[in-house]
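Student: I am new to this structure. Could we look at it together and take it step by step?

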Amino acid sequence: MSDSMIPAYDRTNVFARILRGELPCKKVYEDDFALAFHDIAPLAPIHVLVIPKGDYISQADFGAKAPPEMMVGFWRAVSKVARDLGLDTEGYRIVANHGPNGGQLVFHFHVHIFGGRTMSHAMGSMPSPDNAG
Ligand code: 5GP
């Protein structure tokens with residue numbers, strides 16, 4: 001897929017608006033690098049999104065542009081959120097959708113944390129509310 005299929009960062013995207021406090025969220029965690037909040041349409045008993053505090057479109061954009069301290073801070077926040085949600089022992093799944101084929105709908109990089117039930121080992125689709133996907 002060419003980069004031209006990914007739109008430029010749009011500062012009016014819903015997660016940018018949540019970051020700026022223009023839209024509400026059910027906050028789980030916040031630090032200098034990341035904000036974590038419950039997904040509005042959960043696909044598992046626990047479904048939390050972690051987003052970086054910066055204008056990154058996707059995981060690829062984040063990987064290419066984020067300074068090292070942001071990368072470390074962001075991924076430490078993902079781990080901390082999962083741990084603080086009590087998911088470390090039973091386990092959880094993290095997902096980052098990139099671009100159209102990845103099913104990305106919001107073009108501000110985010111990591112999904114799914115927990116609270118057993119996930120199917122099949123990884124071709126997102127978890128759904130009523131099956132073990
Ligand atoms: P994507 O498909 O881009 O990886 O996932 C976007 C996620 O954002 C979806 O799971 C969707 O339910 C969630 N979402 C979309 N709009 C909102 C919103 O306004 N608030 C919250 N908390 N989640 C949202």
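Student: What share of the 133 residues in the chain is buried?

Tutor: This is a predicted model, where local features need pLDDT of at least 70, side-chain atom pairs count only at pLDDT 80 or more, and totals for chains, interfaces and linings use all residues. Residues are numbered from 1 along each chain as its sequence is written, and side-chain values use heavy atoms, without hydrogens and water. Buried means under 20% relative accessible area, exposed over 50%, and partly exposed in between, with a 1.4 Å probe and protein chains only. By that rule, the buried share of the 133 residues is 40%.

Student: Which radius of gyration does the chain have, and why does it agree with a compact globule?

Tutor: The radius is taken over C-alpha atoms, and the globule rule is 2.2 Å times the number of residues to the power 0.38. For 133 residues the rule gives a value near 14 Å, so the chain agrees with it at 14 Å.

Student: What is the order of the strands in the open sheet?

Tutor: Two strands pair if DSSP finds at least two bridges between them. The sheet is open, its 5 strands pair in the antiparallel sense, and their order is E1-E2-E3-E5-E4.

Student: Which strands stand at the edges, and why is one side of each left without a neighbour?

Tutor: Each edge strand has a single partner strand, so one of its sides has no neighbour in the sheet. These edge strands are E1 (27-30) and E4 (92-95).

Student: Why is the pair of Tyr56 and Phe62 edge-to-face?

Tutor: Rings of Phe, Tyr and Trp (its six-membered ring) pair if their centres lie within 6.5 Å; planes under 30 degrees apart count as stacked, over 60 as edge-to-face and the rest as tilted. The count by this rule is 7 aromatic pairs. In Tyr56 and Phe62 the ring centres are 5.1 Å apart and the planes stand at 85°, so the pair is edge-to-face.

Definitions and conventions
Helix = DSSP H or I, 4+ residues; strand = E, 2+ residues; numbered from the N terminus.
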